[in-house]
Each structure stands twice: as C-alpha cells, then as structure tokens.
Amino acid sequence: MVEISGVHKSFGKQEVLRGIDLTVRAGEVTVVLGPSGSGKSTLLRTINHLEKVDRGTVHVDGELIGYRRRGDTLHELREREVLRQRTAIGFVFQNFHLFPHLTVEENIVEAPVAALGVPVRQARERAKRLLERVGLGEKAGAYPRTLSGGQQQRVAIARALAIEPRLLLFDEPTSALDPELVGEVLDVIRDVASQGATMIVVTHEIGFAREVADTVVFMDEGRIVEQGTPGDVLGRPREERTKGFLSKVL
C-alpha cells in the first residue's frame, strides 16, 4: 500500500529525513516511534505531500504521490491533482484541526461532499454512522468548542474515515490530550485497526504499539534505526539507540 524509497527532506540547512525506505502492506498497522525531532511527523506529512520531498519517492497504492514522472525527471502535480490524491489518504492531526464554525456533523460531511461529490443526504447518513462508531452519536449538532479534547479527536477520526480512505495516517493523535482522555481515543483507533484498515501511526504510546502494531519502526535523527515486529523491536531491540530510548520510556 505504501512504498517510500530514498526520501530526503531538509528545512534550510537542517536535514530532517536522511534516506528513508519503508514499505507498508495493505491491511497492516505500522507504528513509528522515536524521540522528538527524529523526523517522524515530517515523514508522515510527505506521504500525502503536505511536505514536498527533496529526493526520493512516495507511492500509495501504486500511485506516485505529488509528482508525475517524465523520463528520468519528476514534475510536481498541480494542486487539484494533489488534492485528488489526498482523498485516498485520511490524516488525523495532533491538534484535531476541526473547523470551529461548523457543527460536528458538518465537519464530517464537508470533505465527502466538497472533494468527492457525495450527495449531502448520503454524506450525513455516513456521518451519523461514524459518530455512533466513535461513541459520539448524540454530538452531531454540537460545535467543537463544546467538546473535550478526546471527543474532538474522535470527531477528527470520524472525519478521516468519512472519505473512505485506502490509508490512514495518525500524527501523535493523543499527545495533545489530558492523560485521562488518551484511552478513549486509543480505543477508537484500536477498533479501526481491527477492521483491517491500513494505518501508519506516529505515537509515544508504547503499550498501544505492542498491542496493535504489525510493524514497529524506530526513528532517530532522520533515519530508520530499527524496524520489525513489536516483539522484536520492543522486546528484543538490537540497536543501542533503540535500547536507550526504550529504557527511558518503558
């Protein structure tokens, strides 16, 4: 489903991604761990072209993201073409990014109607089903400001699911939440994973990674240091950098 090959990304003189190679198979959950500043979120944002790569390529479901190849040269796609590609990739942000002037239901309906041309009635029915799924069926008419952080993030997950994406990206979905709200959001993500969704989750939640991930990736200083099953990476890490990180967070 996802094929990342030789991806480099710099901001000015700071090299944030240093030759990333990563494959994610359809129906698998990949959890990306690592210290702050290791490039995890930047990597996630390159997958739907929120960040342009300097070198390398990203393919999702066989399609080159953000560019068209002509011979040996890559040409960046027009914005409308990039937006079309993003309709196949759901993104859940750290800070929710809900539209404050829209109700919960309107937040969920917006993308299917505007980007995919789904009839409004059908989009509303889908929104109601998704809100029930995330435990917020009674909040359709509420505004984001009236919800807790955990509830807002569950709405954001429902919004990402509303476009029926082939891939879901989660960028530290619980890091902006009070500790007592983390569990309710992780429960929803577990449920989505159990339905066979292809997911890449950037998180610091080691227990979640151990329980849900098919593959755990540990990043540091813009590189993938180690990857494998949760049992291998979390239980029997090979690299000293991985061991040092886990010793501080477990």
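Visitor: Is R124 buried, exposed or partly exposed?
Guide: R124 counts as partly exposed, at 45% relative accessibility. Keep in mind that this is a predicted model.

Visitor: Which side chain does R124 meet in a salt bridge?
Guide: That of E105. The N to O distance is 3.9 Å.

Visitor: Where do E105 and R124 lie?
Guide: E105 is in helix α3, residues 104-116, and R124 is in helix α4, residues 120-133.

Visitor: What does R121 pair with?
Guide: R121 forms a salt bridge with E125. Their closest N and O atoms are 3.7 Å apart. Both residues sit in helix α4, four residues apart, so about one helical turn separates them. R121 is exposed at 66% relative accessibility, while E125 is partly exposed at 39%.

Visitor: New topic. Which residue does R84 bridge to?
Guide: To E63, with the closest N and O atoms 2.7 Å apart. This pair links distant parts of the chain: R84 is in helix α2 (residues 79-86), and E63 is in strand β5 (residues 63-64). The two are 21 residues apart.

Visitor: How accessible is R84?
Guide: R84 is partly exposed, at 46%. E63 is partly exposed too, with a relative accessible area of 24%.

Visitor: How many salt bridges does the count come to?
Guide: The count is 18.

Terms used
Residues numbered from 1 in each chain as written. Predicted model: local features only at pLDDT ≥ 70, side-chain atom pairs only at ≥ 80, totals over all residues. Heavy atoms only, no water. Salt bridge = Lys/Arg side-chain N within 4 Å of Asp/Glu carboxyl O. Buried < 20%, exposed > 50% of the residue type's maximum accessible area, 1.4 Å probe, protein only.
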